[in-house]
Each structure stands twice: as structure tokens, then as C-alpha cells.
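Please open the model in your viewer and keep the selection panel at hand. The stops below proceed from the whole chain to individual residues.

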Amino acid sequence: MKIDKKLIGASIITAIAASLCCIVPLLALFSGASSMASLFSWVVPFSPYLIGFTILVLVFAWYQKLKPIKKDNCNCETVEKQRFIQSKVFLGIVTLFAALMLTFPYFSSVFYSNNGKEIAVASSENLKAIDIGINGMTCFSCEGHINYSVNQLDGVISIVTSYNKGNAIVQYDSSKTTMEEIKETVNSTGYSVIEISVK
């Protein structure tokens with residue numbers, strides 16, 4: 001049925017679109033084009049509508065698939081064999097895929113490795129902490145992307161990023177890295193540093 005294909009296609013597209021702002025930073029990290037990370041942040045205001053539309057489309061698709069078929073008064077045996085793309089199994093796979101896409105922001109952090117590096121600080125005088133205001137973060141995936149990138153710098157001891165607060169608190173050894181290097185690294189991820197204050 002054409003309607004089944006359209007419903008399935010629409011649910012996949014809207015599910016991906018709803019989480020696009022969180023998928024792109026991860027793809028950007030793996031591809032090495034990290035500056036693309038905030039490219040789809042404009043999608044964020046539309047995410048609730050895309051999520052709602054995806055759910056409605058899937059509910060309607062399941063309703064269409066599960067509703068009783070009206071039988072004709074004909075005694076003829078014309079049972080049409082369904083193709084896989086029209087089966088409940090395929091719709092189940094699409095539903096599972098859509099659910100994974102819609103919940104992606106909540107588990108995307110598992111894709112960012114925790115490098116677990118140990119930093120030896122030569123002197124406590126070298127220990128610095130800064131609060132960086134960051135523009136463009138929209139979800140947990142953004143936090144993971146920034147944390148991963150900044151942690152690659154030699155001398156960074158810890159970083160705690162919050163997309164809700166729009167900031168990152170970085171503790172570092174000033175003899176090994178500088179505030180400017182940290183700022184450049186954050187900017188290279190595609191998000192933009194709007195202010196830095198020393199803690």
C-alpha cells in the first residue's frame with residue numbers, strides 16, 4: 001500500500017530531523033569536521049513538533065496495520081501475499097529506529113570516549129579554573145563534543161559542560177596550556193565562546 005510507505009518514510013525522516021542537532025556533532029567528531037557541529041542547531045525549536053509528528057505518524061501507521069480487514073461477501077480465495085516492507089515486522093523495526101533517534105540525545109554521551117588521562121601538576125600556582133560562556137549548545141551531545149575536544153589538550157585536568165547553563169568550567173595547568181588554546185578549541189567545535197571569567 002502506498003500509504004504505508006509514505007507513513008513509514010515520514011516517521012523515519014521526522015525522527016531523524018528531531019534529533020539532527022544531536023547527531024551532527026557526533027558525525028562531525030568521527031569525520032574530523034568538528035566545526036560542523038552546531039550547523040543544525042536551528043532545528044532545536046522545532047524538535048517538539050517533529051517528535052509529536054513522528055509519534056502521530058507511527059500511531060496512525062500501527063492503527064492502519066492492526067485494524068480489522070473488512071471481508072467481502074465473496075467466497076473467492078484471493079489472499080495477496082504481503083511484501084516485507086508492508087509487514088508488521090518492518091513497521092516494528094521502523095518504530096524501534098524512530099524511538100532510538102528520538103531518544104538519541106539522552107544516550108549520545110556513550111559515543112564520546114573518556115580518555116581517563118592523569119595530569120601531574122608541577123605547582124599549585126599553575127592550577128587555574130575558568131568559566132566559559134558558550135553559545136550554540138542544544139543537548140547532551142553538544143556537551144560531550146566540547147568535553148571530548150577540550151580534554152584532548154595537554155594540561156586540561158577537568159571540564160564540566162552544561163548546555164542548560166550554556167557554559168563549561170575548565171580546570172587546567174597553565175604551564176601546559178593556555179586560556180586562549182582552550183577558547184580556540186571550543187570555537188573549533190562549531191560552538192562559540194561568548195565570554196570567559198577566571199574562577
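Predicted model: local features only at pLDDT ≥ 70, side-chain atom pairs only at ≥ 80, totals over all residues.

Helices (H or I, at least four residues) and strands (E, at least two) are DSSP runs, numbered from the N terminus. Residues are numbered from 1 along each chain as its sequence is written, and side-chain values use heavy atoms, with hydrogens and water left out.

Next, colour the chain by accessibility. Of its 199 residues, 38% count as buried (under 20% relative accessible area; exposed is over 50% and partly exposed in between, with a 1.4 Å probe and protein chains only). The chain exposes about 12100 Å², of which carbon and sulfur atoms supply 61% (areas by the Shrake-Rupley method with a 1.4 Å probe; for residues, only the protein chains shown count as cover).

Now select Ile 132, Ile 134, Ile 146, Val 150, Val 170, Ile 182 and Val 186. These residues have the most contacts inside the largest nonpolar core, which has 18 residues (a core is a set of buried Ala, Val, Leu, Ile, Met, Phe, Trp, Tyr and Cys residues joined through side-chain atoms within 4.5 Å). At least two residues of this core come from each of strand 1 (127-135), helix 5 (140-151), strand 2 (156-162), strand 3 (167-173) and helix 6 (179-188). Another core, of 13 residues, lies apart from it and includes Leu 7, Ile 8, Leu 58 and Leu 91.

Move on to Thr 177, in the loop between strand 3 and helix 6. Is Thr 177 buried or exposed? Its relative accessible area is 2%, so Thr 177 is buried. Its side chain is joined to that of Glu 181 by a polar contact of 2.8 Å (a pair of N or O atoms within 3.5 Å; within protein, one must be able to donate a hydrogen and the other to accept it, and residues adjacent in sequence count only if both atoms are side-chain atoms). Leaving aside neighbours within four places in sequence, the residues in contact with Thr 177 include Leu 153, Val 156 and Tyr 172 (contact: heavy atoms within 4.5 Å).

Finally, select Gly 92 in helix 4. Gly 92 counts as partly exposed, because its relative accessibility is 26%.
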